[in-house]
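Dear colleague,

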Amino acid sequence: MMPPTPDNQPSMGSQGDGNDGSKADKRVSVMKSVNNKSMLLRTQTGDFDHNRWLFELKAKYGIGSAFWQDDDDQYGTNGGVTMSDFMDKPWKPLTRKTPIKSSILSPYRFLILVRLVIMFFFLGWRWRNLNPDAMWLWGISCVCESWFAFSWLLDNLPKLKPINRSTHLVTLHEKFEQVSPSNPTGQSDLSGVDLFVSTVDPDKEPPLVTANTILSIMVANYPVEKLSASISDYGGVILTFEAMAEAIRFAKDRRWIKREYDEFKVRINGLPETILKRCDIHNKREIVKEKALPKRRTAGRCHWIFKSIREKRPGFDHNKKAEAMNGMVRASIILSNGPFILNLDCDHYFYNSMAIKEGICFMMDRGGDRICYIQFQQLVGVIGTRCMFRRYAPYGFHPSRANEYTGVFGQNNSPADNIQTKPAPVDDEFQPLNVHPDLDVPKRFGESMLFTESIPVAEYQGRPLADHISVKNGRPPGALLTPRQPLDAPTVTEAVAVISCWYENTDWGGKIGWIYGSVTEDVVTGYRMHNGGWRSVYCVTKRDAFRGTAPINLTDRLHQVLRWATGSVDFFFSRNNPLFATRRLKFLQRIAYLNVGFYPFTSILLVIYCFLPALSLFSDQFIVQGLNIAFLMYLLVITLNFCCISILEVRWSGISLEEFWRNKQFWVIGGSSAHLVAVLQGLLKVFTGIEISFTLTSKSAGEDEDDVYAELYLVKWTSLFIVPLTIIIVTLLAIVIGVSRTIYSVIPQWTQLFGDLFFAFWVLCHMYRFVKGLMGRRVLGSEYNRKYTHERMTCYSSQLVHYIYKRRLSSH
Ligand SMILES: O=c1ccn([C@@H]2O[C@H](COP(=O)(O)OP(=O)(O)O[C@H]3O[C@H](CO)[C@@H](O)[C@H](O)[C@H]3O)[C@@H](O)[C@H]2O)c(=O)[nH]1
Ligand SMILES: [Mn+2]
């Protein structure tokens, strides 16, 4: 249902309902004309057409009912924040910045400053005191140390100004869900939220994991008629499709939930078997058919090509998750057009039923019109999942107002000029707040009229609530009371049509939506929005908003880090390099993004530096001429300072010392392997155009604690180990030779050669056994993918499973 007429004068209160009908009519008529044109309805080959089937059968997608978990209680106290914290403003705020205790922040800032000063003097001392005996060692080490200092600075500057925020959910309830003059029936006035879940390869992302994520959405404490969920099955795998269908069937009945869940688990885990059997029968039949009709083969092959363009296979080169996200954005424009989008990886699930409302608090509060996304806490450190976007922002529009920061440190700020070079479309009563300079509808968004019409609607419905004069760009209370209507078949058909890869020829992925060309689409997409002047919020809730899985064994983790680092290198070499950022980017943001693009390059110097101990032992020289008192004092002071900062960080973050230490270890391991490979790959791509593909991070389907940690010490051989292993071997050899030299200085010379060789042989033998042990566990590619290829081709268009929770809230 299209929204009531937006009224740009917040003070005029609600008059929204008048144009309802006409708007809905308009939409239906647009729908008809679009459907007639829809190229997907015409099948040239006469094969089964999934879209037509959907259309003609008026098929309904799975309908679930949500189990409502009422856990408002835990929010009574709201993390030590009391009602009075929110009362000191003339308007009733929904969110609040809470200062970080200066007893934590001040010592931290002080120690960082001390470290900066020490490093400055230390490096000065290092550069002034050469080592004439070994200038090469001295020079290399000085260059490396200076670089490390620089990268440390990039890493730490953005951490100096942390902000804590809290929300007030009671106020949200009062403003949006209670009876008032503008809301006589007390229906929900909240904006719609579309949830996206992406999965691609059921081999690495067990369908049960994805199914659980889908089911977890049911705990969300948000009006059901305002929620809409989409699953993107980027692999187009029948297994995923059927597993999701199971999940939706399961969702229907909340009684017997525990017992049913066990049966459901058995059904999903049994699916691969069933499908394989069916697949074999199908394949055999196909082969028989093909033999009988040799003439049809050409047609068959053409068809295959057509399909394979859309078809996505695991590891096949394409635009990865960004493309899946854009597909869902387009489809959801037609299906629900929720002004907010929350996306989850298939292995990240709701852990807090109030999560959506927490995010909405920020979006609906004064100043919310400038926020492009709310990132919920994510300990693994990557953004891009558990993130609530304002739909309008990734479309490439500028925020309604933004600041520009000038001066070396961006210290002067002034309001940015509104970018509105093109006249806004005439006939429309909805107008985007700010028209993008190169907005060129329809080429930009593709042909569907519904798209272009949906933009101002989403923009309007996502505006903060204008219940006080100080709220800029708001919408009046009571404007969103009418719930959306259930989907009909033509709408679903149109939605299936817009996920077509045809849209990849438009600006999707270039200027609109999730940006292509990087394996870490999240960084680029976020950067582009920040660069346009949008703001974002990192939201830490008392109870984790979401939880998810992360690789725990070294190999998987290294591959994940490799992908992130590759993304960073791509980012660095792209036109999105923050060195060319606009003035709308804040100084610290600029530094943070620079760091994102820069950190993998540190690996080159890190690897060189790791070889220095061995080189020193081999050459009997050192990076300084002698161990004089100044050098030792510097080392001592730097170490002490490091310890103090570490203690603060450990206390602040609440992790254990061991975890902290592992993190530091991993920095060296990752830095000398994955980051280095990423830099090499990045350079390869820049100079030769050869690209690597998105290797999925494996997800454990483990159900109890033991299962979950079963893989902790699993080491699968990967070529990423080569560099760190070489460092270890060379260093060990150097130590052995160093030690033997000392021994030989007291025994006859002729034994020296013999002894050296013997020790070297001994060490190499052990190394060989170690490496072989690792290789023994190598995991070979699975049969599974190959067998599935056929089914995957035939079910490509069932990629979209869309369902809505129809059950309305009976009580709240
Ligand atoms: O071609 C692809 C590849 C991946 N995915 C999905 O993308 C998500 C993330 O993939 P995963 O292998 O779990 O990567 P991670 O490194 O764990 O993901 C982190 O890093 C990514 C950027 O590299 C972000 O996109 C993710 O949100 C963030 O959780 C999963 O749901 C996948 O199903 C697709 O839809 N299509
Ligand atoms: Mn993941």
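**Two asparagines with positive phi**

Asn473 sits in the loop that runs between helix H12 (449-461) and helix H13 (489-498). Please bear in mind throughout that this is a predicted model. Although Asn473 is not a glycine, its phi is positive, at about 50°. Asn473 counts as buried because it has 20 C-beta neighbours inside 10 Å, and 20 is the number at which a residue is classed as buried.

Asn337 also deserves a look. Its place is in the loop between H10 and S6, and its phi, near 50°, is a positive value in a residue other than glycine. Asn337 counts as buried because 23 C-beta neighbours lie inside 10 Å. As background, most residues other than glycine have a negative phi.

**Domains and their contact**

The domain assignment gives domain 1 (10-81 + 168-235 + 319-550) and domain 2 (102-162 + 553-696). Their contact takes 26 residues from domain 1 and 22 residues from domain 2. On the side of domain 1 that touches domain 2, the elements giving two or more residues are strand S10 (403-406) and helix H14 (521-531). H14 gives the most to that side, with six residues. By class, this side of domain 1 has ten nonpolar, ten polar and six charged residues.

**Nonpolar cores**

The largest nonpolar core has 127 residues, of which Leu195 and Ala247 touch the most other members. At least three residues of this core come from each of domain 1 and domain 2. A second, separate core consists of five residues, among them Ala134, Trp138, Ile623 and Val624. As for Leu195, its contacts beyond neighbours within four places in sequence are Ile217, Leu227, Ala229, Leu342 and Leu344.

**Annotated positions**

According to an unreviewed UniProt entry, the annotation "binding site" covers Lys321 and Asp345. The two positions are spread over 25 residues of sequence, yet they cluster in space, with a largest C-alpha distance of 9.7 Å.

Lys321 lies in helix H10. Lys321 is classed as buried because 22 other C-beta atoms are within 10 Å. Not counting residues up to four places away in sequence, Lys321 touches Ser198 and Glu521.

Asp345 belongs to strand S6 (residues 340-345). With 24 other C-beta atoms within 10 Å, Asp345 is therefore buried. Leaving out residues up to four places away in sequence, Asp345 touches Ser198, Thr385 and Gly548.

With kind regards

Notes: Residues numbered from 1 in each chain as written. Chains lettered and ligands numbered in written order. Predicted model: local features only at pLDDT ≥ 70, side-chain atom pairs only at ≥ 80, totals over all residues. Core = buried A, V, L, I, M, F, W, Y, C linked by C-beta atoms within 7 Å. Buried ≥ 20, exposed ≤ 12 C-beta atoms within 10 Å, placed from the backbone. Domains from an automatic or database assignment. Contact = placed C-beta atoms within 7 Å. Helix = DSSP H or I, 4+ residues; strand = E, 2+ residues; numbered from the N terminus. Nonpolar A, V, L, I, M, F, W, Y, C, P; charged D, E, K, R; others polar. UniProt positions renumbered as here; feature names shortened; annotations may be inferred.
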